[in-house]
Amino acid sequence: MKKLHSLALEQKENAKHGEASFPVRKYITRLTPDVPAVMLHWHEEAELTLITEGDCVYQIDLTDYEVQKDDILFVPPLLLHSISRSNSREICSETYVFHMNFLGGNSTDICSTRYLMPILNQEISMPCVITPKHPAYTSMRKIFRQITSLHNEEVIGYELALKSLFLQAVFLLLQYRGESASEDTRVSSDKLKQVLDYIEQHYPDVISVSELARLCYFSDYYFMRFFKKHMSMTCVEYINNLRLEKAVELFEKGNASILEVSLSVGFRNLSYFHRAFKKKYHITPHSFIKELNG
């Protein structure tokens with residue numbers, strides 16, 4: 001049986017991407033009618049992605065980009081980003097998540113101080129979408145193929161070569177750098193990060209719109225409009241979605257008590273939990289546990 005866990009949860013800001021000594025990890029992301037989106041999230045690592053099938057909408061730093069097969073995307077560290085299906089029934093992408101420290105971002109040489117740290121601090125803006133018409137595309141596609149080959153084969157010294165290839169990709173994109181995001185975008189992004197982080201920490205508890213609005217110094221009404229504008233769902237829908245994903249994680253870890261799982265992720269009404277679970281995953285919690293256990 002296929003796992004129902006959220007693709008977004010694997011890429012939340014508190015996820016571990018690779019090992020401390022080798023902070024690089026590969027992801028294959030598939031979006032289907034059953035898993036239609038990767039929710040808005042962020043992390044310290046950068047992402048380099050190739051769309052291998054279909055077309056979708058990437059939201060990066062609160063800007064929407066329509067992307068399609070063969071497009072390459074670069075998501076700098078700490079930027080909010082999400083993925084949602086567009087017209088295609090299925091979307092597939094290959095992503096490499098890597099930390100700037102792997103490239104030398106934590107050193108004191110000129111490469112770090114002049115380029116890597118400013119990228120990490122969002123002081124340099126680089127193109128996020130590289131289509132086949134972009135002047136850097138041919139070189140970026142070649143780099144991506146080499147990264148895939150080395151990551152799959154793991155020949156002796158492949159870590160050195162991967163480091164070199166990620167640096168080459170950064171170098172290429174630096175040639176097309178632009179102006180940094182506006183102050184309004186940064187403020188909105190920071191407020192959303194604060195709200196999402198708060199929800200992540202308190203999802204088992206009762207969370208009111210008012211307490212989330214206070215985090216942003218907004219009225220309840222303005223906050224609800226702000227959240228839906230950038231998240232494409234209400235904050236209640238987002239919280240319930242997160243709780244359901246956490247419930248799936250607990251079921252997959254062997255927690256068989258539906259009541260205990262329901263309560264531990266924040267659902268106080270068992271009937272409502274059953275209805276919400278079935279609506280999202282098209283299967284009841286009991287059937288899901290049964291299929292997990294073979």
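The lining of the second largest pocket is made up of 10 nonpolar, six polar and three charged residues. Here Ala, Val, Leu, Ile, Met, Phe, Trp, Tyr, Cys and Pro count as nonpolar, Asp, Glu, Lys and Arg as charged, and the others, Gly among them, as polar. The structure is a predicted model, in which local features need pLDDT of at least 70 and side-chain atom pairs count only at pLDDT 80 or more, while totals for chains, interfaces and linings use all residues. Residues are numbered from 1 along each chain as its sequence is written, and side-chain values use heavy atoms, with hydrogens and water left out.

The second largest pocket holds about 330 Å³ of space. Asp61, Leu79, Ser125, Glu179 and Ala181 are the closest to its centre of the 19 residues that line it. At least two lining residues come from each of β5 (63–68) and α4 (183–202). A pocket is an open set of points, on a 1 Å grid over the protein atoms alone, where a 1.4 Å probe fits, with protein on both sides within 12 Å along at least five of seven lines; its lining residues have an atom within 4 Å of a point. Grid points are joined across faces, edges and corners, and the volume is the space filled by probe spheres set on the points. Helices (H or I, at least four residues) and strands (E, at least two) are DSSP runs, numbered from the N terminus.

Turning to the sheets, five strands form an open, antiparallel one in the order β1-β8-β3-β6-β9. Its edge strands, each pairing on one side only, are β1 (24–31) and β9 (129–130). Two strands pair if DSSP finds at least two bridges between them. Eight bridges connect β1 with β8 (residues 91–98) in the antiparallel sense, and Lys26 has Tyr96 of β8 as its bridge partner. Further along, β3 and β6 run antiparallel and are joined by four bridges, with Thr49 partnered by Leu73 in β6. Two bridges then link β6 to β9, again antiparallel; here Ile72 has Ile130 of β9 as its partner. From β6, Ile72 and Phe74 point one way and Leu73 and Val75 the other, and all are buried (under 20% relative accessible area; exposed is over 50% and partly exposed in between, with a 1.4 Å probe and protein chains only). Helix α3 (residues 158–174) lies across β1, β3 (46–53), β6 (72–75), β8 and β9, at about 105° to β8. Such angles run from 0 to 180 degrees between N-to-C directions, and axes are lines fitted to C-alpha atoms, for helices over the stretch in contact; contact means heavy atoms within 4.5 Å.

A second open sheet has four strands in the order β2-β7-β4-β5, with antiparallel pairing. At its edges, β2 (37–41) and β5 each pair on one side only. Neighbouring strands of this sheet are turned by 25° against each other on average, direction ignored. Three bridges pair β2 with β7 (residues 81–85) in the antiparallel sense, and His41 stands opposite His81 in β7.

Ser112 belongs to helix α1 (residues 110–120) and is buried, with a relative accessible area of 1%. Leaving aside residues up to four places away in sequence, Ser112 touches Gly104, Gly105, Asn106, Ser107, Met117 and Pro118. Glu252, in helix α7 (residues 235–252), is partly exposed at a relative accessible area of 26%. Between Glu252 and Asp197 there are 24 Å in space, C-alpha to C-alpha, and the two are 55 residues apart in sequence.
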